[in-house]
Every structure is written in structure tokens, then in C-alpha cells.
Amino acid sequence: AMATFTVLATATILVLGVRGILEAIRERSPGVRVTERLIRTGRLTPLRVDWSSAWSIDALEPAPWAPPGSKPLTSVNPLRGLTVVNLWAAWCEPCRDELPSLVAVAREVPGATFLLIGYDEDWAAPKALLREVLQGVPKEVTFARDPVGTAGGEQSPDTFWRRLGATGIPETFFVRDGVVVGKVVGGIDWGHPDVVAYLQSLAGT
């Protein structure tokens, strides 16, 4: 009996010890620390929602002026790797403000796919804005338009806006291997070190 008790006690200590080590590693992980900092600022909302098969990327309208070397819409796959889904519009002032830093961070995190889903009436305004703000169409991000979306006002239940549960634009969703792990409401400085580190940790770079 004493031998059995000793074995069980030793096993319990080992299990608790391993758990303590794993927890310490988790707490010291740069990805965990930067995620917690962003949550404390109130900008990042952690989520855990499976990407629904009903949210088909094929339902989106690809940009007619995608530059050579850019990732085509048909190759965007939220079920694999990190996909950053940003809802935006040319008429949205915060969207315009964050666009340069958003495109810049896409260059810093090449392991991620950046999908910008627009809510403009057509493609003329977004193209004009990109020429004005970025002097052209960047190849680091993929542009698409929600064909059932409207330029402001109430959105149809069939829009990505409603399906993702967005409250407005800009709003950004982080999808890793088919799971929506977080979102940011409103425009942010994408070049902030914590934001860059968060994206790199999700992308595994």
C-alpha cells in the first residue's frame, strides 16, 4: 500500500510540475504577452468562431484592376494559415486613414493573406483612392467587393458584414486555420510594434 501511495504521489507531483512548466512557458511567450497587451487596450476582441462553409470567398467580386504579382481572390483560403479580413470603403474616413499602414504591415508579414472587402457602389472610388493615397494599387493585399453590400446603411443578412457580425467599418477579423481568433473594431495604426508582433505570432513567422 505504501509503495502504491508513493507511486501515485510521485506521478501527481510530476503532472503538476509539467503543468507548471507549460504554464510558465505560455506566460513568457511573446505571442501571448502581446495579445494580452492588445486586449487590455480595448482594441482587440478575442474570439473563437469557426469559419463557416457558407462564407464562400467565391461569392465576392474580385477587383478588375489587380496588379501583376498580386494574390488572386481565387487563391484566398481562410481555412489555411492566417487570413486578415478587413471590411472597408473609400467613403469611410477611418478606412482611408489606416490604409497606408495596413498595406505596409502586409509587406512585413508576407506569411499572411490580407483580404480587403469593399462596400462601395462600384470600383471607381476605391481605385481613385488607392492612386491618391498609395500612388497605385498595391500587390501585397487582395481587393474584393461584396456584391450584395451597400454603401452605408443597413446591410443584407447575406453580406460578409452581417455574417461576420461586424458593427461597422473599418472592422478587421483575424482568421487562423479556419477559426476567427480575434477582431479589431475601427481604424488602427497597423505599424504599431504590438500589432506587427501579434500578426507575426499568428502567422508563425
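Buried means under 20% relative accessible area, exposed means over 50%, and partly exposed lies in between (1.4 Å probe, protein chains only). This is a predicted model, where local features need pLDDT of at least 70 and side-chain atom pairs count only at pLDDT 80 or more, while totals for chains, interfaces and linings use all residues. Residues are numbered from 1 along each chain as its sequence is written, and side-chain values use heavy atoms, with hydrogens and water left out.

**View 1. Here's Trp65 and its surroundings.** With a relative accessible area of 12%, Trp65 is buried. Look for Trp65 in the loop between β2 (61-62) and β3 (82-88); strands (E, at least two residues) and helices (H or I, at least four) are DSSP runs, numbered from the N terminus. Setting aside neighbours within four places in sequence, Trp65 is in contact (heavy atoms within 4.5 Å) with Trp123, Pro126, Lys127, Leu130, Val137 and Phe143. Trp65 and Lys127 sit 62 residues apart in sequence, and their C-alpha atoms are 8.1 Å apart in space.

**View 2. Meet the disulfide of Cys92 and Cys95.** A disulfide is a covalent bond between the sulfur atoms of two cysteines; here the cut-off is a pair of cysteine sulfur atoms within 2.5 Å. The structure holds one, and its sulfur atoms are 2.4 Å apart. The link is right-handed, with 80° about the S-S bond. Cys92 counts as buried because its relative accessibility is 5%, and Cys95 does so at 2%.

**View 3. Now for the largest nonpolar core.** This core (buried Ala, Val, Leu, Ile, Met, Phe, Trp, Tyr and Cys residues joined through side-chain atoms within 4.5 Å) has 57 residues. Among those with the most contacts inside it are Trp51, Phe143 and Trp190. Helix α3 (residues 93-108) gives the largest share, six residues.
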